[in-house]
Amino acid sequence: MTLHWTDALAQHWGIQARLTQLAGEYDLNFLAETLAGEGYILKVMRPGCNRELIEMQVSALAHVRDQPLADLYPEVIATLQGVACVSCLDTDGKPRLLWLLSRLPGRSYAQSAPKTHALAGDLGRAIGATDRVFETFRHPALDRDFKWHLMQALWIKPELGVISDPDRRRLLQDIVADFSGVLGQLQNLPTQAVHNDINDYNILVSDEFCAPRRITGLIDLGDMCIAPRICDLAIAAAYVVLERSDPEEALEALVAGYHAENPLLSVELDVLWPLLQMRLAVSVVNSTLMAQAHPDDPYVVISQAPAWQFLENNNLHPDLLSARLRVACGLPVTSSAPAIEKYLDQMRGHFAPLMGVDLDHAPMGSLSVEASCWPQNPFDLPAAEAARVGQEFADNTPVWLGYYNEPRLIYTAPAFRKGRWLASDRRTVHLGIDIFAAQGGWVHAPLTGRVHVVENRTAPLDYGGVVILAHDTPDDQTFYTLYGHLNPEVCEKLAIGQLVQTGEAFCRLGDITQNGGWAPHLHFQLALTIDGIGEDWPGVADPDARHFWTQLCPNPAALLNLPDDKTAYVPTDKAQVLADRRAQFGDNLALSYAEPVMFLRGWKHHLFDEWGRPYLDAYNNVPHVGHAHPRVQAVAADQLKRMNSNTRYLHPARTAFAEKILSKFPPSFEVCYFVNSGSEANELALRLARAHTSAKGIVTPDHGYHGNTTGAVEISAYKFNAAGGIGQVDWVELVDVADDYRGRFGRDDAQRAQNYADQVDHAIARLGAKNIPLGGFIAETFPSVGGQIIPPKGYLRAVYGKIRAAGGLCIADEVQTGLGRLGDYYFGFEHQDVVPDVVVLGKPIGNGHPIGVVVTTRAIADSFAKGPEFFSTFGGSVLSCRIGKEVLDIVDDEELQNNAQVMGERLLAGLYRLQDKHAFIGDVRGMGLFIGLELVTDKVSKTEATNLASYVKNRMRAHRILLGSEGPKDNILKIRPPLTIGADDVDMILMVLDDILTEAV
Ligand SMILES: Cc1ncc(COP(=O)(O)O)c(C=O)c1O
């Protein structure tokens, strides 16, 4: 059959092409590809197809041709005779109409990923522009009756009996009833030509590898008809919400995109939800009817699954959704909102004082992510802490106020979290004003109100006693105020519907046994409507939905007779920090991520940005025992209370730290030097080697990194060979990194360790040829910036033998690999079965406090001691020594080396599974929590997939996981979390990585 149409294409259009059949409900659609790579869509209509419907589409496509959105629609290709459409006999001898379209780039939205909010916004813009252009399109065939005409969707009502499951049938009956309820409103809306079938297979999305997705086409105008334009948006919306965890946000983006191109009215937004549901109802009823007609086609039922899944499980509230969509379009949250806000503003200064006193001079106290450390553990607010929240502000004042619109980390219960992980989004932004005052203090009604809710919510950290009052403006617009954390006696005093007069003392602040367990305060919140929130108002909002919730529950300052700006929290503006940073620092101070991130708090292996969004930190090795470890805080604070001094005075903390370090080393290590950084430590290691050998020549692997000081850069090929680097100095010779995945000696080479080591002979010889005697060899034991490389066993043993034979010292840079990270080994050199002469330790040992350590033998120390005094003002300060010792003790006490081993194994096992699944994972390597994932374009060529690594890193960040990329071509994902990481976090990394690698193609 395909051949038949191939011939027809050649005959009528003069195009020789290979045809591939595409899906279609009634008609035959073929993708026609020529040898030259041109693509067309050949449409072979069903026998008996109405020619007028094709003419309608042809003229609609002509109508959009000169418009800015023309690229989104295919072009009609005329036949050799210059007509758009011809009739041909099919193989059964039946006449069919044929027409030809240009092919648009991209793949269907259904098969596209990721489905970001930006893409939904782009789709909204495309639909908005389409509807604007079609407003002036007329064609007689547009006036039609058919099952996909959303205005005629009530045809399903008598068919609902086909749905056998009674719950599902009832659900559809409700949807039909909702739709019938708005039909009158719909019929009053202006009508126009609409696409009417923007389903997920008719939307095309760009599919360039690792590039942001955008809409490239809205195809198939076969269902065009006359309807209100909101039908077009509702149909697309019905598909956009499917199979996603954030349908509201996606709808907001879609609708806002549309509105930007083609402004919508509130009345249109209000009918979107019933229309959306009705479209899905039509879809499931239609496919159930089809399934009856084609009982053997399992696809008909499978294709219903996402629609049912959404219809049965979504918890969207129509009123709340309408309000959200209005705000997304910049419209008032409710029609009465502007009048209520105007009234409140006019009345500011005239309301009865809420606490019976003027609050003008009450100080504000911030519990924000940035300004406060409440709670210490942002995942757990113990009762003792809740009872003391903000106590620092209470010292000098009987009343203090907590900010509106303030991101806080005190809301730690899982109910505030939106997903299953600790790093899932959570609600943080306070939607009321807090008035902290003595327990038992009376609360007065700022204006007359009716009791709408009075309850005692007894769960820990809930409200305890709570009252909601309803108030009417003089224009009879109703708004509501909420009073939380009350003495529950209020439940006896007030009844629903009871009137509370202006100034009436109607409730009292509860004590901690009554108010949910909090330091006594009133949570005071305003809502402009309760439609959609009922009695259960969120007191705290998701920071990414703040734009909406702050419209629904605006700043209630007016009711306290206060100016808004006194009580509104203004966070540090990230954009300003970025601009200042650019102005104040050099351009080679790098920032991670396309959209930089600003962290203000941390806890163990999580970080929090300025809005309290949590991130899983799978990258930073400095917080070795976890961010903000309480024991590290405690020793630092304790020592700062006492004094801090240098190595010229005795202090037991210094020797205790040295003793702890040396206890981890083989006995030949007897002497420690304390400095402030890894760079300094490497610098000192070079001096030790020179002092001991009286020689300067250094052999070191390529792509190594040892620090930012002059000497450290000179031995760091990663820096001196980088673009703009200083180049190689004559006393340094490079050898290959012992990379047995990509390097010249692979894993199939049993001699690879020896072969890599043999390069050292040549390096020594090259130094010799320059008359530069060998001082030593320095290497990161497992090269990190070189790509998280684990050298083959035996490599360093062979290298050290050669270096020592030539009179050099062996220096191991263990900044990345030391202190238990590797799980099986405390230091990397143990894996290589060698004992270095000098070992360099750095950043993890201070857990954020700057410490570097050099550890060596007595003999080498003696050589160095022949020179001038060694002194570092801050290296070895009492403070540093106490912190360093505490970190090492914590690694032992919390068995973090063991955790690194267990979690590392879990992570590696999962990554190996992903490697089997994804063609892009060339290599998985690592040990403990030192892991590299090498991304390649394909496993045979091993070409470095640099773009993919960058894409994955940025997408992981969008999913709130931090990891890095490394390697000469920056294609190796680096996973190197604090050693506290847990099984759930590892699973999150694996699951999200799997999704992202799937979506990248
Ligand atoms: C292996 C290695 N050595 C030395 C350093 C330098 O340490 P610092 O930045 O503390 O000077 C680093 C830093 O990343 C490193 O990774």
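**View 1. Helix 20 and the shell around the ligand.** Helix 20 (residues 678-693) supplies the largest share of the shell around the ligand, namely 3 residues; helices here are DSSP runs of H or I with at least four residues, strands are runs of E with at least two, and both are numbered from the N terminus. The model is a predicted one, in which local features need pLDDT of at least 70 and side-chain atom pairs count only at pLDDT 80 or more, while totals for chains, interfaces and linings use all residues. Residues are numbered from 1 along each chain as its sequence is written, and side-chain values use heavy atoms, with hydrogens and water left out. Among the residues that surround the ligand are Ser677, Tyr705, His706, Glu780 and Gln816, a residue being counted if one of its heavy atoms lies within 4 Å of the ligand. By class, this shell has 2 nonpolar, 7 polar and 3 charged residues, where Ala, Val, Leu, Ile, Met, Phe, Trp, Tyr, Cys and Pro count as nonpolar, Asp, Glu, Lys and Arg as charged, and the others, Gly among them, as polar.

**View 2. Polar atoms facing the ligand.** An oxygen atom of the ligand is 2.4 Å from an N or O atom in the side chain of Lys843, and a ligand nitrogen atom is 2.7 Å from an N or O atom in the side chain of Asp813. At Gly678, a polar backbone atom is 3.0 Å from an oxygen atom of the ligand. On its own the ligand has 390 Å² of accessible area, of which the protein covers 85% (Shrake-Rupley method, 1.4 Å probe).

**View 3. Ile661 in the largest nonpolar core.** Within this core of 121 residues, Ile661 is one of those that touch the most other members, a group that also includes Val699, Tyr795 and Leu948; a nonpolar core is a set of buried Ala, Val, Leu, Ile, Met, Phe, Trp, Tyr and Cys residues joined through side-chain atoms within 4.5 Å, buried meaning under 20% relative accessible area (1.4 Å probe, protein chains only). Helix 30 (residues 983-1000) gives the most to this core, with 9 residues. Leaving aside neighbours within four places in sequence, Ile661 is in contact with residues including Cys672, Phe674, Leu841 and Leu888 (heavy atoms within 4.5 Å).

**View 4. His627 in its loop.** His627 lies in the loop between strand 26 (614-617) and helix 18 (630-642), and is buried, with a relative accessible area of 15%. The side chains of His627 and Asp617 are joined by a polar contact of 2.7 Å, that is, a pair of N or O atoms within 3.5 Å, of which one must be able to donate a hydrogen and the other to accept it, residues adjacent in sequence counting only if both atoms are side-chain atoms.

Definitions and conventions. Buried < 20%, exposed > 50% of the residue type's maximum accessible area, 1.4 Å probe, protein only.
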